[in-house]
Each structure stands twice: as C-alpha cells, then as structure tokens.
Amino acid sequence: MLKKLLENFRSPGHELRGAPFWAWNAVLEPEKLREQIRTMKKMGFGGFYMHSRTGLDTPYLSERWFECISSCIDEAEKLDMEAWLYDEDRWPSGAAGGIVTEDDRFKMRKLKYCQGDAPESGTVLARFELEAEGNRLLRSRRIAENETPAGDYYTFYWEYMERSSWYNGETYLDTLDPEAVQEFVNVTHEEYFKRYADKFGKSVPGIFSDEPCYIHGDVLLSMPWTTAIPAEFEKSYGYDLLAELPELFFFREHEVSRVRHDYYDLITRLFTESFTGVIGRWCGKHNLPMTGHTLAEDYLSGQVLYCGSAMRFYEHMQIPGIDVLTEHWNVFNTVKQCTSAARQFGRERVMTESYACTGWDFPLFGHKALCDWQFALGVNQRCLHLAWYSMEAEAKRDYPASISKHSPWYEKYSIVEDYFGRLSAVLVPGDEIRDILVIHPVESVWSVLVKDIPATDAERERRQIKPGTKAMDGFYSEQVAPLDRAHSDLTNALLREHLDFDFGDEEHISRFGAVEKDKFILGKAAYSMVLVPALRTIRSTTLELLNKFTGKVFYLGTPPEFVDAVPSERAKEVFKKFVPVSMEELGRVIPRRVSIVSKGEEAHAVLYRLAEIEQGYTFMLCNTSMNFTTAIKDAPMVRDRNIVYPEVDVKLTLADRGALYELDPVSGAIFAVGYKYENGEYCFAVSLDELQSRVFVICQENIADAQAPEAETPADASPVPKCPMSYSLSEENKLVLDHAAWRIDGGEWHESNYILLVDDELRSLLGSAPRGGLMAQPWRWDKNKKWKSAALELNYSFFCETVPEQDCTLFLEHPELYTFELNGTPLPPVKNGFWMEEVLQGILVPVSMLKTGENVLKLFSTYHCGQRGLETIYLSGNFGVRGTDTITALPETLFCGDVCEQFLPNFAGNITYYLDVENPSPVICKIGRWRGALLGVKVNGEAEQLLPWPPYQVKVPAGRSRMEITVYGHRRNALGPFYLNEKWPVRTGPHQHKVYEHPERQLVPFGLLAMPEIFMLKEF
C-alpha cells in the first residue's frame, strides 16, 4: 500500500483529481464538447460530470443527447479522463425532466389538511372534529366514513404535487414508491446501460444522483405521502396511522410523539429503500457506482423535512457524498454524517460537491480552504461546482463562477488540482482511526417536529417560499431549534478538543450494531467509547447494546425520558452506569488520542485526520484559521480567516511503526521530520500558517527524497515606497451597458431601466412568464409555436470624456437579431471576434463614430418570448471608465489600491504590475493586501511563481531586480450581481442577479491594495 501511495502522491492519476459539474445548458455540439474536455485536461481535472442545467436545448435522453455523451466518453478515453454520468435533467433526481412523471402513477403525493371538505384534487383519508390552541391539540375525534358532521370539521387528504416549470410542466417523483423509482431507472439508467455497459466502472466510473428528497415544493404546507403508507405503517408499528393523523400536525400531551417518530421512521425507510435502495442495488449489479447527495443534509430539522436521516440515505451508495454551498457553511455535521456512514459501510471514497454560490470573485485560496477542512474530516473526492458549456442568456447566472475558460485564471487552475490530487493519494487509502461513537440525535427531532401548517388560504400564501430562498429559511420550531444548536455545538466542541468521532444512526445500530468485549461495533467500524448527546428519546435497541457495552459511555444532559418515543424509566436505570459529562468537560474527561497544543491549550481552529495504513499511519493537520460558529452557515469569508499558529506541539498515541515524514502536496516533495517516540506517543512540533494544511506519513521505510527546506527567518519589514507602477492588461477594458430606455411598436418611451427587468416587463406584455433559474427547459418548448412579437427599440447612453485612440468592439449575444445605430448613423454589423466564448460576439465600433460628450447607441429588433432574451452588452477597448457611463483615457500608471477607483471599474481580466526593487543582499518580497483570484510573480524574467494561497512571498536576489506581479482577476465587476444591498451576498445565483434594491453598482475591490514589503534575511 505504501509504495502505491507514494507513486500516486508523486504523480496523481485522473481518479484522484477533481471533476467539475459540466453544465450542459444550450444546443450541444459534439466538437465543442470535445474542445472543452481538452481544456479541462489542461486545467488538471481528472474527469467531468455531464450535467443537464437550465438552458439545455438538445432534447434530453434523445439520440442526439446520447451522440453527445458518446463523443465525450470517446474524448475522455483518449485523454485518460473519467466521464461521469448525471441521472437527471437539472435536479432533484427522479423525474427524468418530467418524462417519468407524465404518468400520474409516479407523481409525488402530499399529505394536507383543510377545514371542511377536501378540494376536488384531493383524495380523502380521514375527517376529524378538532379543538386546538395554536399548535397544541386539546381534543380530536375521527368522524366515521358515512357520518354527517354536526359542526366544524377538518379533512385530511392527499393530492398530487402541483405541476411546475422546473419539471418542464410536470411534477417530481414519488420517491417513497419503489415502482416509481424503478421506472426512473428504466428511463434513465437502463438507457445508459444499453449503450455504454462496457464502459461502466472504467471510463464511465459512476453516476450522480442530485438532491433527491421525499417532498419538494411547498414543504412547509404539506407532509410526505405515498399510497402504501397506511398499510406499511400498521404492519410495522401495529396501529392505524389514519386514526392518528392530527398528531402529525399538532402537539398532544407530550411534545415527544410516538406517532410522529414512527411516521418519520417509516417514510425514511421507504425513501431509503425506494430511492437509494433501488438505484444503489442496480448500480452495484451493473458496476456503475452511485454517488451524489440528498437534499437538506445540514441541519437536523432539514433532514426531517426532506429526507428523514441523511445517514440512512448513504447505506446503498457506493460513493456517498455531500454538498457544501457557499464559503460560509462550516457544516462539519454534514461531513461527519457522511464520512461516518462511509466508514461503517466500508466505502473507500467520499465525494463532496463544493464551491456553489460563491460568486465570480471567490479566490483560489478559497478553493483550497473549503475542501481542505472537508478532507481533514474524511472526504477524499471533489466534484467542483461549476463549469459552463455556454454562458448564453440565463446560463451566465447559473451559480457562477464558471470554473472553466470563462474565468481569466483557468490556465493556472492545475496547481489546485495537483494539490488535491496529491492530498487524495495520501488520504484515500487506509482505515481512519476514530475511537468515539456519538449517537446521532435525529430521531429526537422526528418526535418533536411539528410544521404548524396553516389551514387558511391567507396564511398559506404568507408561508410560500420566496424567490431566492429555501424552505429552511422560513422554518422555525422552538422545540427543534435547541436540538439543532446543540448538535452543532457538540460537534464543534469535540473537534475543537481533537476528540475525533463518528456518528451512529440508531436505525443502523439496530441492524448492524453489536458488542464484542470492550468494543462497540457498528458495521465495519469499532469504537472504544460512546458519547450520548442530550436526547429526547432513544431506541430500545440502542439502549440495550449500551447496557451490554463494557467500554466507556459518556452522556450529556439527563437520561432520555422516552424510549422508542414512549415514556419510560428504562433509560434512567441504564444510564446510572454511564459517566455524565458537560460540554465544558469534554476535553478533560474523555481520553484523547491526538493532542495539538498551542500555548498550553488545544489549538481550536485545527482539524485533523488520522488513519492506519498497511505499513504505518497517515496524518493530516488543517488550520481552518477560524473560530467555529454555532450557526453553521455563518462562517467568515475565507479571506477573513486569519488565525495562525507559529508552533503547535503534536502528540499521537500510536504503536511505534517507524519514522515521521512530511509530504508536501504543493511541490510533491517528501521530507524527514524530527520527532520523539516515548511512552507510546509520537511527539513533534510544527507551525501552521494561515489556512495551511500539512500531511504526514509514519512508516518503517526511509521515503525522504529531499532535505527539509531550511527556515529563512526574515528581519523587520520595510515597505516598498509607494510609487506609480507601469502595468499591462490581459484584455481590453469594458464599459458595462446594462440600462436602456425602450419602447415597442413605436409607442411611448419607457425610461432607462435595468435590462433584465426590461426583459421581464416585455415578456409580461407579450403574455409569457419571466425568465429565471426555474424556467422550463428550451428542449421542451414547442418549436412550432407562433410567438406574439413586437418591434423593439433600445436606447443606450454613454459619454466620452476622451475619445479612444483605437477602434472599439461591442460585445453582445445574437447580434444577428439586431440592427444598430450609433449617434444617428447606422453601425454596420462587422464581426470582430468574441469575448469569453463565441456566444458573446463582437461588432466593430470604428473610433470615428464616437464623439466627445454624450453618445447614443440604438438597437432595433423584432422581439418575441421564444428568443433567449435581453442581456447586458459591453463596449470594449483601450480606454478607461469613470463612474458607470463615461469613457476616459486609460491611466498611464497604477498606484497600489483598488483599480475600480483608477478608471478600471469593470475590468475583468488579469493585471500585471511592473516594479523595480534594489537590495544589497537577497530579500523576501511579501505581497500583503491584494484582491483577485491568485497571484503570479516573475523575477527578472524567470519562470512565473504562482502564489494561489499564503504565504504570498518570493525570494529576490541581491542587486536591482524587475518584478512582474500579476493579479489574476475575475468577471465579478463585469457580470455582477450588481444591485443587491450587500456587496458580497451569502449566496450568488440566478435570483441575486435580478434583484434591484441598490441604485448604484456594487463593485468589489481588485488589484494590489498595498505595496509589497521587503524583508531582509537574518544571518545565522
């Protein structure tokens, strides 16, 4: 194993590298697909996920679709890459773009109630007389089927999910019904098998299921349902659920409810067995590993609302996975749930879908930081969100940045993939060492969660999910919120104290749990200690295994008063033999295998991963550089994480397996590390810089291939004097034209407005819904439809303080749909290249047509709603921009500081600064404050040194040196979003680009914000 590990570390293959979600979002052309695969290869990717996204205009699962799939598999094989399948048209997985759910038998069903009779669309389950105060039920009586109610009554019924454009006019799948899921497999997986069976497990390594759930849409107004529930419930629990339906919606005497507990237990089982069970077994039989993740896996409450228990979802998956959105989510619980189940079921790989919603200006050090901490918790495979096939129309707002040619740093991205490829080489093999099992508390939430569903139409309307938000954003329960907080706090506390652990799902424990002497067994994992959090209810099966266990059992809070959600004294009796512990005592009471100490206490920002390999151990340290927050989605921006540890003392309680070596994932070098082994402990000291991770191997064999670099200690810093710097731009500057006055059919002029809102208004006038991330796919549009059209005129106004010296270019989508007029003169549609990709075509703008003062650009078109719609246009040239609408001269030099304030507010490429320094001896040049994607530095014309993450420094020789400092940029200040109140929204997606709540553009700083510092090196 060690030999293979080292080979993979030095030269990580495709299976160890990341693969992006590749958004297929336009008309697909096989040769363009092949070209983009070649680009991905150059970026260091090991493969790609072929993923239908909003904008797809090639019929899904058609012969043309499979022709494109075949081309991609063929190109992947030529380049030694992996072509991953994706099982849905958009997400969540299950409906096959509405193809499966055209049949009513397979449509999702929902349980609801109302006052009086059910609507015509509903199928009645039971009627009740109810008396309640708020959400607490005082009295209920079931009305007999043939009984005429004497007064007010409530009807409980199910109905099909409402149709939606998101499902191309259909609904989501009944994921609680195995026959429905089997039909999804027949339509999707079997079609791939017919064509590519010989590729499965090879060039086609697996298939991705995205965000399946047992309810979708109005989740706060209904409950999951399928027609098999009443019979399955009575068979499993011995009583009639229909007689107890009000208890799903109301509290009774106790907040803990057996009915709710049993209901969620059942639908969780149905969902797991029907969805991942049916698909996972098919994938196992056909050598096509299933990966992906469920919806709402982060909070306990979210799991109960959407999937029951995330851990149970992973049982049948060959590669279980998660989704980590934004840079603000330190969702440690999400990762621990998945990596725990993976270990217990013997899964080698754990996948993360990462980087969604981060925005164009998310830097490469963020790419490293977000996945570093996940790898430290057991993840080892990356799916990167997102690389676009096209940026046409709505596609360009599909959760940027596009990790592809659309970003000006794409050619440098291989440094990230090399890093994670090497890291995966070390972290994939071996058995993780975790001594503590924590009983997962999700079943306590089952028993106390009540949605408080309103019965009136007005209240239902108020509860509707608002655009740009999720159902969880509007959910709150005073019974559940403390459990969510406690769950997060416990995980944070254990990780801060370096008490690594696995979660144990109680249903898994009931089937796969056992006690062997002083080991608590769960599947393929064994634990010497168990920690029971403060639970509202505990399973009798869990309790009896704990009673037999002779190892240490710790518990927080008080023993549960309910067993199997029924009042019981049994837990109180059994818990007498366990050790009570408070959150503050965890690090003092629970034995610690790993200690990472700074200044006399555990280094709380540091995570670790420890694993046993055949000939030794692997060990990873990760400095998250941040304090862990109870609110798991409120982590600081990566750039604001700045905790450093100049020295930490590490102790590992392990059997002696040899010497300690450090493996550098950046360079691929391996160094011997000084250490002591005494009293059964490895002891050594290291430093942890900002956002730094370090990786080690303990083994008998001498594997060092280089001397450890000598530490160069810098003396006091002296900043380079602030001075103007010459510079160069990687592309022309841009003037963003996103406001236009408009009129149709020669009517009244409408004042200048944001172009996306103009498009919405036009569509409304012409009888169509606005565009957006939820619109139906173009491939499902009626291509023969006769669209109502209008003659459209658009007026754009800008100013020239200084007329450019060279011709300019106007970039826009589909210029063939327009005629142009500039300052009253027709502008010939002379093509002049493209920007970013071919869809953004250039039209030559001769400088002779521009004038000092106001310039008016007019566009004329016949507009209809079958077109892709109006988009921002860009004037490009060698000019500067003052404010939002005035062209001026480019600055001759730049000072350190935000270039937005130096006539480059919308610049979207890379800037190289030229700086001369002179020193009598070699120095370290450190670049402090800057904003962009990454840095590159050349000294005296030598090879560029990339600086994607700290430390941002290079060595400069004695004498006079020319430094070229490139700040690699992004598209944020050209593509937005611009008009939100906040400059950096928590999420960046389609909705944020259409919000217009701030009258001026919100731009982000870019460039060198402070002069570099020069550090003389101390002599020894």
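**Figure 1. Salt bridge between E170 and K107 in the predicted model.** E170 pairs with K107 in a salt bridge whose closest N and O atoms are 3.0 Å apart; the model shown here and in the other views is predicted. E170 belongs to the loop between β7 (154-160) and α4 (178-187), and K107 to the loop between β3 (82-86) and β4 (109-115), so the pair ties together parts that are 63 residues apart in sequence. Both partners, E170 and K107, are buried. Side chains of opposite charge can pair when their charged atoms come close. In total, the structure holds 79 salt bridges.

Figure 2. The side chains of E129 and R139 form a salt bridge, with an N to O distance of 3.9 Å. Because E129 is located in strand β5 (residues 123-133) and R139 in strand β6 (residues 136-143), the pair ties together parts that are ten residues apart in sequence. E129 has a relative accessible area of 15% and is therefore buried, the limit being under 20%. R139, by contrast, has a relative accessibility of 38% and counts as partly exposed.

**Figure 3. Salt bridge between K412 and E944.** The closest N and O atoms of K412 and E944 are 3.2 Å apart, and the two residues form a salt bridge. K412 is placed in the loop between β13 (381-388) and α13 (414-427), whereas E944 is placed in the loop between β54 (934-939) and β55 (945-947); the pair therefore ties together parts that are 532 residues apart in sequence. K412 counts as partly exposed at 22% relative accessibility. E944 likewise counts as partly exposed, at 25% relative accessibility.

**Figure 4. Packing of helix α3 against helix α5.** Two packed helices are described by the angle between their axes and the distance between the axes. The axes of helix α3 (residues 63-78) and helix α5 (residues 189-196) come within 12 Å of one another and cross at roughly 55°. This angle makes α3 oblique to α5. The crossing in which α3 passes α5 is right-handed. On the α3 side, the contact involves E63, W65, F66, I69, S70 and I73, which meet E191, Y192, R195 and Y196 of α5. By class, six nonpolar, one polar and three charged residues make up the contact of α3 with α5.

Figure 5. The peptide bond from P950 to P951 is cis, and its omega is near 0°. P951 is situated in the loop between β55 and β56 (953-956). A cis peptide bond also joins G976 and P977, with omega of about 10°. P977 is situated in the loop between α22 (972-975) and α23 (990-994).

Figure 6. Although T326 is not a glycine, its phi is positive, at about 60°. This residue, T326, is part of the loop between β11 (319-324) and α11 (332-344). With a relative accessible area of 1%, T326 is buried. M836, also a residue other than glycine, has a positive phi near 75°. The loop between β45 (831-835) and β46 (837-845) contains M836. At 11% relative accessibility, M836 counts as buried.

Figure 7. E247 is part of helix α7 (residues 246-249). Its relative accessible area of 10% falls under 20%, so E247 is buried. The C-alpha atoms of E247 and S257 are 7.7 Å apart in space, while the two residues are ten residues apart in sequence. When neighbours within four places in sequence are left aside, E247 is in contact with R252, S257, R258, V259 and R260.

Terms used
Residues numbered from 1 in each chain as written. Predicted model: local features only at pLDDT ≥ 70, side-chain atom pairs only at ≥ 80, totals over all residues. Heavy atoms only, no water. Axes fitted to C-alpha atoms, helices over the stretch in contact; angles between N-to-C directions. Helix = DSSP H or I, 4+ residues; strand = E, 2+ residues; numbered from the N terminus. Parallel < 35°, antiparallel > 145°, perpendicular 65-115°, else oblique. Left-handed = near helix turned anticlockwise from the far one by under 90°. Contact = heavy atoms within 4.5 Å. Nonpolar A, V, L, I, M, F, W, Y, C, P; charged D, E, K, R; others polar. Salt bridge = Lys/Arg side-chain N within 4 Å of Asp/Glu carboxyl O. Buried < 20%, exposed > 50% of the residue type's maximum accessible area, 1.4 Å probe, protein only.
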